[in-house]
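The following note sets out numbered points on the model shown here. Each point takes up one region or one residue.

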Amino acid sequence: MSPLPTALTEFFTLCRNDTFARTLLYSEVPTYFTSNTSTRKFQRRKQGRAVQGNLNLYSTDALGRLYTVHPNNSECFYVRLLLINVRGPTSFQELKTVNGHACATFREAC
């Protein structure tokens, strides 16, 4: 039995499957996508301001939630730091990759 998907793992899936999502930071996703609570999947918004140059893409002023993490919780802290700076990662491994070099830890990647 596989573990339940989280918002973060679904963000990775979204980035693998949607070229526009690959241009976004984790915190920008709620502007263009909604989260379906029953399936835990992201879906493109169906209402809002049309995004020029993108068919069936709408934006709103929605705010997402990016939890604060204390620096003592080091690896989680560095994951969060990477999420606010890396656009469109498709996996934890890609999040740790900097200029083609796969780092051993998230701290090293930062």
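1. Thr 90 is placed in the loop that runs between helix 3 and helix 4; helices are DSSP runs of H or I with at least four residues, strands are runs of E with at least two, and both are numbered from the N terminus. Thr 90 counts as buried because its relative accessibility is 14%, where buried means under 20% relative accessible area, exposed over 50% and partly exposed in between (1.4 Å probe, protein chains only). Its side chain forms a polar contact of 2.5 Å with the side chain of Glu 94. A polar contact is a pair of N or O atoms within 3.5 Å; within protein, one must be able to donate a hydrogen and the other to accept it, and residues adjacent in sequence count only if both atoms are side-chain atoms. Neighbours within four places in sequence aside, Thr 90 is in contact (heavy atoms within 4.5 Å) with Phe 12, Cys 15, Arg 16 and Arg 22.

2. On the basis of these values: this is a predicted model, in which local features need pLDDT of at least 70 and side-chain atom pairs count only at pLDDT 80 or more, while totals for chains, interfaces and linings use all residues. Residues are numbered from 1 along each chain as its sequence is written, and side-chain values use heavy atoms, with hydrogens and water left out.

3. Helix 1 has Leu 8, Glu 10, Phe 11, Phe 12, Leu 14 and Cys 15 as its buried residues. The cover over these residues includes helix 2, strand 1, strand 2 (41-44), helix 3 and helix 4 (92-95).

4. The largest nonpolar core comprises 23 residues, and those with the most contacts inside it are Leu 8, Phe 11, Val 29, Tyr 32, Phe 33, Leu 83 and Leu 95. Helix 1 (7-17), helix 2 (29-32), helix 3 (74-83) and helix 5 (106-109) each give two or more residues to this core, and the largest share, 5 residues, comes from helix 1. A nonpolar core is here a set of buried Ala, Val, Leu, Ile, Met, Phe, Trp, Tyr and Cys residues joined through side-chain atoms within 4.5 Å. In soluble globular proteins, nonpolar side chains tend to be buried together.

5. Which residues does Phe 33 contact, leaving aside its neighbours within four places in sequence? They are Leu 14, Asp 18, Phe 20, Ala 21, Leu 24, Phe 42, Gln 43, Arg 44 and Arg 45. Lys 46 lies 13 residues along the chain from Phe 33, with 8.8 Å between the two C-alpha atoms. Lys 46 belongs to the loop between strand 2 and strand 3 and is exposed, because its relative accessible area is 70%.

6. Thr 34 is part of strand 1 and is partly exposed, because its relative accessible area is 27%. Residues up to four places away in sequence not counted, Thr 34 touches Lys 41, Phe 42, Gln 43 and Arg 45. Between Thr 34 and Gly 64, 30 residues apart in sequence, the C-alpha to C-alpha distance is 9.9 Å.

7. Arg 80 sits in helix 3 and counts as partly exposed because its relative accessibility is 24%. Apart from neighbours within four places in sequence, Arg 80 is in contact with Leu 66, Tyr 67, Thr 68 and Val 69. A polar atom of the Arg 80 side chain lies 2.6 Å from the backbone oxygen of Tyr 67. The C-alpha atoms of Arg 80 and Phe 106 are 9.4 Å apart, with the two residues 26 apart along the chain.

8. Asn 56 has a positive phi of about 60° although it is not a glycine; it is located in the loop between strand 3 (49-50) and strand 4 (58-59). Asn 56 counts as exposed because its relative accessibility is 51%. Asn 99 has a positive phi near 50° and lies in the loop between strand 5 (97-98) and strand 6 (101-102). Asn 99 is exposed, because its relative accessible area is 81%. Most residues other than glycine have a negative phi.
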